[in-house]
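Colleague: I'd like to go through how the pieces of this assembly touch each other. Could you put it up on the screen?

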Amino acid sequence: MRKRKIKNYIGLSISTISAFIGLFFLLWIIVSLIEKGFHYVNWSVFTQNAVSPGEEGGGLKFAILGQLEVVGIASLLGIPTGILGGIYLSEYGKDSFLSNVIRNVSDAMTSIPSIIIGIFVYALVVVPMGGFSVLAGSIALALLMIPIVISSIDNMLRLVPNELREAAYALGAPKYIVIFKVVAKEAIVGIVSVILLAISRILGETAPLLFTSFNSNFESYKLNKPIATLTVTMYDYAMGPYDSWHHLAWAAAIILTFSVLLFNIASRLFSYWRFRR
Amino acid sequence: MRLLDEDLRQLRVKISNMAQAATRMFVYSIDALIRKDLDLAQKVKDLDDEVDALDNDIDEFCANLIALRWPLAEDLRIVLSALKINTFLERIADNATNIAEWIEKIDFVEFKVDTSEISNMKDKTVIMLETALDSFFSKDYSKAITVIKSDDYVDKCELSIIKEMAQITNEQNASILTIPMIFIARAIERIADEATNIAELSLYITTGEIFKHKRIKDL
Amino acid sequence: MKYICKIDGKQKIEVRNFNFYYGNKLALKDLNFCIKENTIVALIGPSGSGKTTLARCFNRMHDLYPNNRYEGEIFIDNTNILDPKIDLIELRDRVGMVFQKPTAFPMSIFENIAFGLKLKGIKNKTELKDKVEKALKDAALWDEVKDRLDKLATNLSGGQQQRLCIARAIAVDPEVLVFDESTASLDPISTSKIEDLMVELSKKLTIIAVTHNLQQAARVSEYTLFLLDGEAIEYDKTNIMFTNPKDKKTQDYIMGRFG
């Protein structure tokens, strides 16, 4: 009896310590970030554009808006595709050979290093188009998103008990109504969480953008032209020689980190709210 | 083994005990008549209490069985029949008690009637009773039919005894002595009827059909 | 089983020379019987005897999954519902089903009941309201939910949800209603309420009730069909089945000697 208690205590202690170690590093990063960059986050960061290298001041307005544009278009491309793909797997393909192949490939793709996706899109989109572009960047991010969304949606929908579907069919519902009005509604919490998490995943990507939307000093939001994004800009400025750039890089880091955090929290809050209801 | 099987086994034991007691009462009662043994007659009357107690016990047991075990199909018919056989056995005991009471009214000093007929009637009735009970416990269809068919014979015995007693009354003016005999014969005939009832119950258990008001020729 | 249609009333459903296959496995063999209109028929039998399989044939739920095959005919009134040309949506309008577990949709109580109605194309708000109210009243649920029709149906208790499912099924005015062990997961009081409901509903529609609870079959049904290993062993009036069944296998099952 005592032996069991001791083992229990040891196990619990190790788990707790590990948790604290993880938390510790996370907090360290966040605290350092805030420490280093907080005073650089001011209103002008959001409202001013980048200035010539070496000059004081300047802001990240273009980079922030660029990030939003690329991520936004990527979401428009990736999320519906992923959702429809997930629906196909769960409701149509079910356990067929093809579906299982798609599932396995999709699962594998979630672990592909994002830089490879970047190079892939470079070859397929940037080269034929003759230059870097917002479109290429969005496509790259979408390709990153899709496997995650497909997988998660597939799993979410499969969790919906079959009796619910049968009950809808038994009332004379055609398949699309069963899927969209019953199954999807039941899984809505999961679906929204997946969407939010997928967005937060691509929000922090830098490598694929390097090869696709690259960077730009000229404020342009055209789809076929390169664009500045927060992540790439942060990379750029951090590696640059100017102090003003470094300050902005810290500010960018904080903005990015907290944006990602925000999405995660939003996703959790949503499920909590829905669950309570 | 179902829970119900154990209960049915206990029920069978209880009915068997009551049947034995009632049969014993009947046999003693006629033996008391033949041997002119008033002590035996008294004993018969004393046994009636025992039979009453067994009667109540079986009723209560069956009520519990129905409430707690929800017997169906054959099990249900067995329990319902148990409740009925209760009544029949109780009436047999009552008839035996009546016989005992009539015996006490006979003046054995004066009485010199031939009891061989009534003894024969009693034997046949005892056989009917035992066969009926046997068919009840072993669910034997043919034995039940035999009992039902024997009822006629016992009726004839009763008629015969009545005629004999009537004749004696006329010849010897011995009504005080002969009337009890007639009543005793009647009581035996009633016991035979109860035996028939028991046999009909046995048929009900095996076939699920109710035979109460059927005639022999319909069997 | 030899064909027997000895019911004392108008016939609603007839099952003729019916076999059912799950892939290559013969699950229901040679079924021949008929069901009286506006009555309750109980399907009883041990686990795996095919009662749920049979119940799901009446609204062709098996069509949802691959490799199932029907052989023979099932007539509702005079239409063979196993005909491939039959419109399944129309069939499921005539034959409703209530499942073992309560399956309230994740929407309001009103939306749940209106689900089937909207599928039929009923859009008029007043008409919807009236039909929803009637269905809830017929399902003995109206009083309990009339003040919260717009609240989420999944917050109701198990017994209430099941009555909701019943209301949902009867809202579209089916002719036949199949209950597949619908009270199996409920407490005795809810079960009792639903049994009363079944008896009341059977005045206007034909009910087929799968149950593993013999007492329930005894309480509600007029006829009982006993299935064993996919075959119909006995089909008779419930009171006869339970006091004097003709087949020894039926007797053994009812008396609890197996299954």
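This is a predicted model: local features need pLDDT of at least 70, side-chain atom pairs count only at pLDDT 80 or more; totals for chains, interfaces and linings use all residues.

Modeller: Residues are numbered from 1 along each chain as its sequence is written, with chains lettered from A and ligands numbered from 1 in the order in which they are written.

Colleague: Which pair of chains has the most contacts?

Modeller: I call two residues in contact if their C-beta atoms, placed from the backbone, lie within 7 Å. Chains A and B share no contact, and their closest C-alpha atoms are 34 Å apart. Of the 2 pairs that do touch, the one with the most contacts is chains A and C.

Colleague: How many residues of chain A are in contact with chain C?

Modeller: Chain C brings 21 residues to this contact. From chain A, the number is 14.

Colleague: And how many residues does chain B put into its contact with chain C?

Modeller: On the chain C side there are 10 residues. Chain B's share is 8.

Colleague: How far apart are the C-alpha centres of the two domains of chain A?

Modeller: The assignment, automatic or from a database, gives domain 1 (2-40) and domain 2 (43-276) of chain A. They do touch, with 7 residues of domain 1 in contact with 7 residues of domain 2. Their C-alpha centres are separated by 29 Å.

Colleague: Back to chain C: which residues of helix 6 meet helix 3?

Modeller: The axes of these two chain C helices (lines fitted to C-alpha atoms over the stretch in contact, with angles from 0 to 180 degrees between N-to-C directions) come within 7 Å and cross at roughly 35 degrees. Helix 3 of chain C contributes C:Ile109, C:Asn112, C:Ile113, C:Phe115 and C:Gly116. From helix 6 of chain C, the residues are C:Leu164, C:Ala167 and C:Arg168.

Note on methods
Helices (H or I, at least four residues) and strands (E, at least two) are DSSP runs, numbered from the N terminus.
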